[in-house]
Amino acid sequence: MKPSFLLLLILCTSPFPPHISALSSSSPSTSPPKITPLQSNNDTVYKISKQLCWNCVGEAFQFLFAHNIVRAAKWEWPLTWDNELEKYAKWWADQRQGDCELRHSFPEYEFKLGENIYWGSGSDWKPSDAVRAWAEEEKYYEYATNSCAEGQQCGHYTQIVWKTTRRVGCARVVCDSGDVFMTCNYDPVGNYVGVRPY
């Protein structure tokens, strides 16, 4: 068994998650234990993401780490980086380089993979900016009704945290216009109608 898988297994089966801290020892209290927000324990997610991103450099790792931070907040398994999905994403980003059009690679309702796309004005946009924009749709997702708030989008967010999705591959391109287009593909695909993401 690989040491990285063993570490992941230990972290995921520990009786107390690493982001829950003990009661404060400075003064006895009857208050509940303090819970540190998961976002403040990015070290663990960083280390796991590093091990799930074989031969990744630069932007690939930035995409993966940003995705896994969002998934960790919902206690979902971390994604692994997939080179084939990355190749597909690069192919589509190259297609968009000339026009930077915010368009999916599949015809509507014929998705074979999950796909999130992003466009940003100017060339400074980074992978974390795209993932953050998608993740911010969480505020529009209503778990009770498993739907988006009226007039809002939340499918980018739900694809990121989809419980059965295991792999991701992404690409970023600076378009001829100087703007940025980014795309991520996910496998298995998520966002099935009537099914909750987590």
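Guide: This is a predicted model. In the chain, 65% of the contacts with a separation of 6 or more join residues 24 or more positions apart.

Visitor: What makes a pair of residues a contact here?

Guide: Their heavy atoms lie within 4.5 Å, and therefore the pair counts as a contact.

Visitor: How many helices and strands does the chain have, and in which pattern do they follow one another?

Guide: There are 6 helices and 6 strands, and along the sequence they read α-α-α-β-α-β-α-β-β-α-β-β.

Visitor: Why are strand 2 and strand 6 called paired?

Guide: Pairing requires at least two bridges, and 7 bridges join strand 2 to strand 6 (residues 180-187), so the two strands pair. They run antiparallel. Within this pairing, glutamate 115 has asparagine 185 as its bridge partner, and asparagine 116 stands opposite cysteine 184.

Visitor: What is the strand order of the open sheet, and what makes strand 1 and strand 2 its edge strands?

Guide: The open sheet has 4 strands in the order 1-5-6-2, with mixed pairing. Strand 1 (80-81) and strand 2 (114-120) each pair on one side only, and are its edge strands. Helix 5 (residues 127-135) packs on the sheet and touches strand 2, strand 5 (167-174) and strand 6. Its direction makes about 115° with that of strand 2.

Visitor: Why is strand 2 described as mostly covered?

Guide: A residue is buried under 20% relative accessible area, and 6 of the 7 residues of strand 2 are buried, so the strand is mostly covered. Of the 198 residues of the chain, 40% count as buried.

Definitions and conventions: Residues are numbered from 1 along each chain as its sequence is written. This is a predicted model: local features need pLDDT of at least 70, side-chain atom pairs count only at pLDDT 80 or more; totals for chains, interfaces and linings use all residues. Side-chain values use heavy atoms; hydrogens and water are left out. Axes are lines fitted to C-alpha atoms, for helices over the stretch in contact, and angles run from 0 to 180 degrees between N-to-C directions. Buried means under 20% relative accessible area, exposed over 50%, partly exposed in between (1.4 Å probe, protein chains only).
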